[in-house]
Amino acid sequence: MPNDSVWVGSAMPNDSVWMDGGSGNPSHGEMYVKGATQDDGKEGTVYVTFDHPAMAASVQGEPGSLLIDVEGLSPGRVYLYLLQSAREHSYGVEACGGNFTTSPLLGSGLSLRLWAIGDSGHSNEYQAAVKHAYLLQSGYKLTDAVLVLGDLAYDGGYEAEMDTSFFGSYQDLMSWIPFWTALGNHDVFNGLDPYPYYQLLTLPTEGEAGGHPSGTEAYYSFDLGQVHVVCLDSMDSVHRGTMAEMLAWLDQDLAAFRAAGAATHWLIAFFHHPPYSKGSHDSDVKVEMTRMREEVVPRLELAGVDLVISGHSHGYERSFLLKAFY
């Protein structure tokens, strides 16, 4: 689909690793661990042990979460890890663990699989059924990443709702694969500053995962082999007047994508509000949707975007191949 785009609408994590996809031989990552405290629930040392003998770390973390810098990683490799509190470590008790696969080298032609979910944060039987269907469809071979299209936790994106609807619902998957998230309207309804969305998630701001540094967790990009993925903010960019800054960054990021040539063959974008929808929300009426269509879509199409995925409008819609319809 070199000349046209498909638009799809459908209505970070306990453990995840960013890889520096912009370098020829990525070796550094960051792991975000939520819920890693001592046995008594207080702040303490958390020991992280890897299957690679040269990789081990013990980190002093804040109560409830910590960010671990990991050095010496190789691209496209599976790493096993074990997390222990100080007490568990001293007694040799195994606590919890999992594995992650580092991103392939930039330009690698390996086949990749992504799962996109939107408006999923209801913590009910429907959310569980969709997750179960994903596991059955994938044959329990997990995708390389998950794109979350916003509205992670209903109704207001409060911390307790995030713990139940997002972390609680997907914690078994988060120990193995990265979740990349976009901000939705329900994620900001709490009115807090900052939103729990930003307090509980860790997203790249300095190009840690590839792409041009954004300086904010509201929008960012990352690379997976030959795929360049752009996450945009369709909520606060409109309502807090930061659209100009986001568009300036997007222009720089897309220019870098084009300059990479065949190294990044595919371009995917995702954000919450769909630019085209006649579902539960009308893209000719809702300001967030019209702004994204009129100001963002032309830039994406000029860069040759292959796929755009959004949520918000609660129903499955897929466009014909579109171009220059704003």
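Predicted model: local features only at pLDDT ≥ 70, side-chain atom pairs only at ≥ 80, totals over all residues.
A: Alanine 160 lies in helix H3.

Q: Which residue is 9.4 Å from alanine 160 in space, C-alpha to C-alpha?

A: That residue is proline 196, which is 36 residues away from alanine 160 in sequence.

Q: Which residues of H3 are buried?

A: Start with the general idea. An α-helix has 3.6 residues a turn, so residues three or four places apart point the same way. In this structure, the buried residues of H3 are Met162, Ser165, Phe166, Phe167, Ser169, Tyr170, Leu173 and Met174.

Q: How far apart are the end C-alpha atoms of H3?

A: H3 covers residues 159–174, and its end C-alpha atoms are only 17 Å apart. A straight helix of 16 residues would reach 22 Å at 1.5 Å a residue.

Q: Where is the kink in H3 centred?

A: The kink is centred on phenylalanine 167 and amounts to about 45°. Phe167 is also among the buried residues of H3.

Q: What is the order of the strands in the open sheet?

A: First the general idea: strands of a sheet pair through backbone hydrogen bonds, either parallel or antiparallel. Here three strands form an open sheet in the order S8-S9-S10, with parallel pairing. Strand S8 (114–117) and strand S10 (179–181) each have a single partner strand, so each is an edge strand with one side left without a neighbour in the sheet. On average, neighbouring strands of this sheet are turned by 20° against each other, direction ignored.

Q: How many bridges join S9 and S10?

A: Strand S9 (residues 145–148) pairs with S10 over three bridges, in the parallel sense. In one of the pairs, valine 148 has threonine 181 in S10 as its bridge partner. H3 packs on this sheet and touches S8, S9 and S10. The direction of H3 makes about 140° with that of S10.

Q: Which strand is joined to S13 by three bridges?

A: Strand S14 (residues 307–310) is joined to strand S13 (residues 266–270), and the two run parallel. Between S13 and S14 the chain passes through helix H7 (residues 287–302), in a right-handed β-α-β crossover. Phenylalanine 270 stands opposite isoleucine 309 in S14.

Q: Is tyrosine 316 buried or exposed?

A: Tyrosine 316 is exposed, with a relative accessible area of 60%. Its place is in the loop between S14 and strand S15 (317–318). Tyrosine 316 and serine 277 are 39 residues apart in sequence, and 9.7 Å apart in space, C-alpha to C-alpha.

Key
Residues numbered from 1 in each chain as written. Heavy atoms only, no water. Helix = DSSP H or I, 4+ residues; strand = E, 2+ residues; numbered from the N terminus. Expected span 1.5 Å × (residues − 1). Bend = angle between axes of the 7 residues up to and from the residue. Buried < 20%, exposed > 50% of the residue type's maximum accessible area, 1.4 Å probe, protein only. Pairing = 2+ DSSP bridges. Right-handed = clockwise from strand over helix to strand, strands pointing away. Axes fitted to C-alpha atoms, helices over the stretch in contact; angles between N-to-C directions. Contact = heavy atoms within 4.5 Å.
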